[in-house]
Amino acid sequence: MKNYDLLTIFKPNLDSEEVDKIIAKIEETVVNFGGKVESTDKIGRKKLAYDIQNFRDGFFFSAILSLPADQVAEFRRQLRLNDSILRTMFMEASEKASV
């Protein structure tokens, strides 16, 4: 399994309970796909550099997770299907170089 970084921007019209429910659902999806959530970070509400779907700000959430390579495409599809998510950035985590 590889490690991945996930940055998600949720719509700003959601309250904190709804955001927590969506984050729990994302974590549950990772576990159902045979992965593991290493760490999570609720960054909070931030202003966007440009409007996305007529929203000027959003709730940012970051997570480091492990997923089997054959489940990555389906996990990304599940993220795109969620209407509460404005944007996601999902990329393979790089290993830190040792000196």
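Predicted model: local features only at pLDDT ≥ 70, side-chain atom pairs only at ≥ 80, totals over all residues.
Local features here need pLDDT of at least 70, side-chain atom pairs count only at pLDDT 80 or more, and totals for chains, interfaces and linings use all residues. Residues are numbered from 1 along each chain as its sequence is written, and side-chain values use heavy atoms, leaving out hydrogens and water.

**Strand pairing**
- Strands (like helices) are DSSP runs numbered from the N terminus, with at least two residues of type E for a strand and at least four of type H or I for a helix.
- Two strands count as paired if DSSP finds at least two bridges between them.
- Strand β1 (residues 2-10) runs antiparallel to strand β3 (residues 55-67), with nine bridges between them.
- β1 also pairs with strand β4 (residues 85-92) in the antiparallel sense, over seven bridges.

**Thr 8, in β1**
- Thr 8 belongs to strand β1 and is buried, with a relative accessible area of 0%.
- Buried means under 20% relative accessible area, exposed over 50%, and partly exposed in between, using a 1.4 Å probe and protein chains only.
- Leaving aside residues up to four places away in sequence, Thr 8 touches Phe 59, Phe 60, Phe 61, Ile 85, Arg 87 and Thr 88; contact means heavy atoms within 4.5 Å.

**Ala 63, in β3**
- Ala 63 sits in strand β3 and is buried too, at 4% relative accessible area.
- With residues up to four places away in sequence not counted, Ala 63 touches Tyr 4, Asp 5, Leu 6, Ser 39 and Thr 40.
- Glu 38 lies 25 residues from Ala 63 along the chain, with their C-alpha atoms separated by 7.5 Å.
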